[in-house]
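Colleague: Could you walk me through this one? I would like to learn how to read its features step by step.

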Amino acid sequence: MADQERFMRILLKLAEYAQENGGVLRKSEVDGSFSEMELSKAQYDLIYRYLLEKKISIQGICLAPSNVDDTPSGEEGDGSKDSRYLNLYFKELDGLESLSEDERLSLAMRLLSGDETIMSRLLNASLFEVVSIAREYCGQGGYLEDVIQEGNIALMQVLKEMTGKGQLEEPLAYIREYVRCAIAEYIDGQVTDNDEQERVIAKLGLLHEAAKHMAKENGVLPDAQELANFSKLPVEEVKDLVRLSKNANFFGKDI
């Protein structure tokens, strides 16, 4: 995959398209998306596995179990190795041109002056740093590959914003900070989602305990208003929470 920017764009768009369409893709849709890139069968298999890891079904694909641990890095998930998609991505990064800080600064200055022809070269040379920044956030929420994707998207955005901008103090530091802020915002969003889930679980636990206590004390299952009075939660929130519960029949019939 010579063009990392293009590959990441296609993969991200494909995943978003699938999620908007019930989490299902056809094999022809996946293959067609990458048809203009010279990918091997093994590389396509890794793309299929990546999408399957994202809970996206691919009609016409039946992959054999992998002998390699496909779970994300142990710092983000339960596994101890990077996913096969990441391993492929890292190998491709190894094949890209490595530039010194001064060389990257020179390219950044040319970009600021409006020279768009060097954008791809500067982007590819900066992908290594995105991975480095992403690893700083290991264990704080989200899968490493998703964090890297967010960082790569931010990298593309900041380079476009810099094109023809003219003067910019410490452009490389500006790029790093832009990427870091985007990743931090993504991580915060993940943590917020997790916190919200924990709050919902805690409230459901409270309602279960309240229902058991009131049923034992009164001999009948409580209704929504009784649960609301006992738990000090709004009655509509109680009804919404109970609907989420797998054991909704533990509560009164009016809920």
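Modeller: Gladly! Helices (H or I, at least four residues) and strands (E, at least two) are DSSP runs, numbered from the N terminus. D146, for example, is found in helix 7, residues 144-162. This is a predicted model, in which local features need pLDDT of at least 70 and side-chain atom pairs count only at pLDDT 80 or more, while totals for chains, interfaces and linings use all residues. Residues are numbered from 1 along each chain as its sequence is written, and side-chain values use heavy atoms, with hydrogens and water left out.

Colleague: How many helices and strands are there in the protein chain?

Modeller: There are 10 helices and 2 strands, and from the N terminus the elements run α-β-α-α-β-α-α-α-α-α-α-α.

Colleague: Back to D146: why does D146 count as buried?

Modeller: Buried means under 20% relative accessible area, exposed over 50%, and partly exposed in between (1.4 Å probe, protein chains only). D146 counts as buried because its relative accessibility is 13%. Across the chain, buried residues make up 40% of the 255 residues.

Colleague: Which residues is D146 in contact with, leaving aside neighbours within four places in sequence?

Modeller: Contact means heavy atoms within 4.5 Å. On that basis D146 is in contact with Y50, K54 and Y186.

Colleague: And how should I read a nonpolar core?

Modeller: In soluble globular proteins, nonpolar side chains tend to be buried together. A nonpolar core here is a set of buried Ala, Val, Leu, Ile, Met, Phe, Trp, Tyr and Cys residues joined through side-chain atoms within 4.5 Å. The largest has 58 residues, of which F34, I47, L51, L155, L159 and M162 touch the most other members. Several helices each supply at least two residues of this core, including helix 1 (4-20), helix 3 (41-53) and helix 8 (171-218). Apart from it lies another core of 11 residues, among them L204, A211, L233 and V238.

Colleague: What does L51 touch, not counting residues up to four places away in sequence?

Modeller: L51 touches L11, L14, A15, L25, V30, I56 and I58.

Colleague: Last one: how do the lining residues of the second largest pocket divide?

Modeller: On a 1 Å grid over the protein atoms alone, a pocket is an open set of points where a 1.4 Å probe fits, with protein on both sides within 12 Å along at least five of seven lines; lining residues have an atom within 4 Å of a point. Ala, Val, Leu, Ile, Met, Phe, Trp, Tyr, Cys and Pro count as nonpolar, Asp, Glu, Lys and Arg as charged, and the others, Gly among them, as polar. This lining divides into 4 nonpolar, 3 polar and 4 charged residues. Helix 7 gives the largest share, 6 residues.
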